[in-house]
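Dear colleague,

I am handing over the structure below, together with some notes on what was found in it. Please read them with the structure open beside you.

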Amino acid sequence: MEFLVLGPEEVLSGGLPLPISAAKQRALLSMLALRSATVVSTDDLIDGLWGTRPPKTARTTVHNYVRRLRGILRPEAPALAGAELVRTAPGGYILDAPPQDVDVRRFEERVRQATAARSADDLPGASARLREAVGLWRGRAFDGTASPYLAEIEAPRLEEARLFAFESLMDVELQLGRHAEVLAELRQELDRSPLREELRAHYMVALYRSGHRAEALEVYRRGRQAFIEELGLEPSRRLRDVEHAILVDSPELKPPAAPVTLAPPRPQPVSIPRQLPPDIPWFTGREDQLRALEAWAHDPGVTGPMVITAIDGQGGIGKTALALHWAHSARDAFPDGQLYTDLGGYSAGRIATPLEALARFLSALGIPWEDVPHDLERAMGLYRTLLADRRMLIVLDNARNAEQVRPLLPGVPGCFVLVTSRDRLAGLVVRDGARPLRVDALAPAEAWALLERLVGERQVAAEPEATAELAELCGTIPLALRVAAVNALTSDSATPVADCVTRLAAEDRRLSTLSVEDDELSSLQAVFSLSYDSLSPDEQRLFRTLGLLPGPIATAGSAAALLGWDEPRARRTLRRLVAAHLLGRPGPDAYVFHDLLRIYARKCSELYDCPTERAAALARLYAHYLATADLAARLLYPEKMRVAEVEQPDPAAAPLADRGEAQDWLEREHRNLVAAVQQARERGHARTGWRLCDILRGYFWLCRTGADWISVARAGVEAARECGDVTGQAATLMSLGDAHRSLGQYDEAALHYTEMLRTARGATWPEGTAQALNSLGLVDILTGRLKEAVGRYTEALEILPDDRRWAILRVSILGNTGILNHELGALRQAEAYSSQCLVLSRSIGLRGSEGVSIGNRGEARLLLGDLDGALDDLTDALAIHRELGNRGSEAEMLRALGELHRDKGEFETALNLTRAAEVLATGIGENRVLLVRSGGSRPAAGAGPRRGGGL
């Protein structure tokens, strides 16, 4: 067993990495490995893992980490079976690993051996030992560690040791006369560490000896400039002496008389690699993608690589399964072999470098390990040379980005490359001609078929409803379906699928349920965490905070509000989350989670954000919804009465510029606003909830989504009651009454209006009292209780003072009084009231009321026989309602125009208009609009499609 820390933390058993997916477990094991065979105290482990702010449960957590590590680390020697590599010792723990099993110990031993060889004048031996030491490094020590101590203390210490060993190696190689062979290594290392003077001196000597005197002097000049700019210092005496020696062609710089050369590479055998992992036995569906791959593989015009990516992109979507299934089916088309590597772009282990992947491929192609080039350029050249004129399939699985993939692409056509990634790899598409292939969640039928294969056709047939629900709860994600199927198969229940559905039904336990015992890598949550861990801090913060959204859709505005950012910053970060396939983008400013990813985001927020931060984010979001909805209300339906307008910022900074933007914003945020009101009480924002309900009443009147409206109004009433706000209760009761009235449910509407009247009177709210009477009067008209309506309107007008502050409510009451006269048969009075209402509406800029008043007057004129005047009015009213998006009133005007053209004998036009009204009214659930006059008379009172001027 090998414990590796000179690079990403890793443990190999039999040459294969062990699955230690938890970052802090890996860090703990690294601390033990760094001091192997020595007791590491629990206090030191706690300090190393958490620094100065350990959790209260730190000791228990360390104990649990050790217990889990013991379950993973099994001694390889049969004689040690049952022994524990991590033992408990007084005060701490000890890793029983010999020095040769820990790479940092091997590194230190090779450096000591090299020092001894130099002391004995054995330069070739010193070179060999130092090369072995440097070759043990796979990147920065403890790369990606979760331990602040390892990252901030041990990693820099070991990096200094590595640089010293490398500089010693270069010194030895120059003494052996190998200046030409080490030029590339020196250049690469100096690029990474430009302030290392010893490296620069060695590079200058190597260049000079290789005949590049001018370039050696330029290396000195650039170094001097860097030292002055970065450190404020001139180069050291050592570096100045080397420059001087080059300038005067000092004999000291001449190479040794008999240079020791590196052995030339041996002739390379040619082998045919067959590296594909096994095919996926349960593979199901994906017919369109398989056909596309087949067509592209045999397209003579295809010269670039193929990219498989997922449009929704979350882990577990089945990209690797698709690639391997197709690769196995197409093996015969690639007679020169198939190469495969897991690049580890999104995995619990380390990310493979291009050079490491090339080394594996070169070995598979017959190059001995000792002859594999150590620098990327030479390895790429050899790789592409070996692939020239060969037809091979190359599968690059789990790529992180285009930069990781590009060095692995063949240099000439003939080979076919499949790349899977959670990233869109747009650069590979643009620069290298890759063809993107999107992989979504399975279609419902495919998910059903997969469950049949996993659980068994007989069991699925016995539980069809549970099977469908299970597929839905899993989001038809293949990994989630496989895990759920395993859990169902291990259930003792007579109905295992239904039992699994029951366990998944609780949202807070769904992700933990979608895991396999003793296999953390098969956990959906672990798969998601790999994507999350790859994000930048800004992206992580936005991802988890979006989990607080009450509804399903994020916009740049809501994301900015949550975090207190500006919209451009939020939009850029949202787009990066889309590119990482953690969000979908169904529209221009609409971003959505997959259901399971939303649950994961919420869990991340609970884990990483303190309650104060989460509460502040939610408060900003609700304030954003309230302010923007209020602005939209001012633009779209100023005539609709609201309890209190929201104080707006400077109009120049308003997020909505006109009516069109207001309508677009309300439609885009519709589901979020509904959810925000529904959840307001439980999230501590009851006051904002009922105020949103009050503001949205006009919007619902325009769009007529009855079920949502009733749900929002009921939630608003409960929120106002929780706040003890009597005025708010009256306002939300009005919204609930309006919602039922819009659906023709007049008895329910009357109950809510009556309660509103009682509440408004109790709150001494005269405007609310007048509006309640106004609304009850309209219900009386619609149900044929005309005498009661007369009393309501008489009382309402008596309450209203004759000043401009009450003008909007006066418009409504006058309009409804006109409707009452219409129903009483006093058509001239109805026409007069409508005209009076129209003048008042225009004087105070109420576009919606203007449309209602013109329409009411047009219907009165229609019954009076003034068909030309009616046609003008009804046509103008239709245009206004369409402009405002008032679908209910639009349907009524279409119906009235149909009646008009019928009365004129234009039956085809009448029929077309009536059908258009029917389609629109049916779509919004207002079938009452379809009741029309027959035989030239008005419909019976209470059945007719009368519009109210209610606010």
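A surface patch, as the word is used here, is made of residues with over 30% relative accessible area and no salt bridge, where like charges are joined within 9 Å and nonpolar side chains (Val, Leu, Ile, Met, Phe, Trp, Tyr) within 5 Å. A salt bridge is a side-chain nitrogen of Lys or Arg within 4 Å of a carboxyl oxygen of Asp or Glu, and Asp and Glu count as negative. Please note that this is a predicted model, in which local features need pLDDT of at least 70 and side-chain atom pairs count only at pLDDT 80 or more, while totals for chains, interfaces and linings use all residues. Residues are numbered from 1 along each chain as its sequence is written, and side-chain values use heavy atoms, with hydrogens and water left out.

With that in place, Asp-658, Glu-661, Asp-664 and Glu-667 form a negative surface patch. Of these, Glu-661 belongs to helix α29, residues 659-668 (helices are DSSP runs of H or I with at least four residues, strands runs of E with at least two, numbered from the N terminus). Glu-661 counts as partly exposed because its relative accessibility is 35% (buried means under 20% relative accessible area, exposed over 50%, and partly exposed in between, with a 1.4 Å probe and protein chains only).

Two backbone angles deserve a look. Most residues other than glycine have a negative phi. Asp-121, however, has a positive phi near 60°; this residue sits in the loop between α4 (103-119) and α5 (123-135) and is exposed, at 67% relative accessible area. Asp-249 likewise has a positive phi, of about 55°, and is found in the loop between α10 (237-247) and α11 (287-297), where it is partly exposed at 41%.

Turning to the strands, two of them pair if DSSP finds at least two bridges between them. Strand β9 (residues 393-399) has seven of its seven residues buried, so it is largely enclosed by the rest of the structure. Five bridges link β9 in parallel with strand β8 (residues 338-342), with Thr-341 opposite Leu-396, and five bridges also join β9 to the parallel strand β10 (residues 416-421), where Val-417 is the bridge partner of Ile-394.

Elsewhere, an open sheet of three strands runs in the order β12-β14-β13 with antiparallel pairing. Its edges are β12 (553-554) and β13 (584-587), each with a single partner strand, so one side of each has no neighbour in the sheet. Two bridges pair β13 with β14 (residues 590-592), and Gly-587 stands opposite Ala-590.

With kind regards

Definitions and conventions. Accessible areas come from the Shrake-Rupley method with a 1.4 Å probe; for residues, only the protein chains shown count as cover. The place of a charge is taken as NZ of Lys, CZ of Arg, CG of Asp or CD of Glu.
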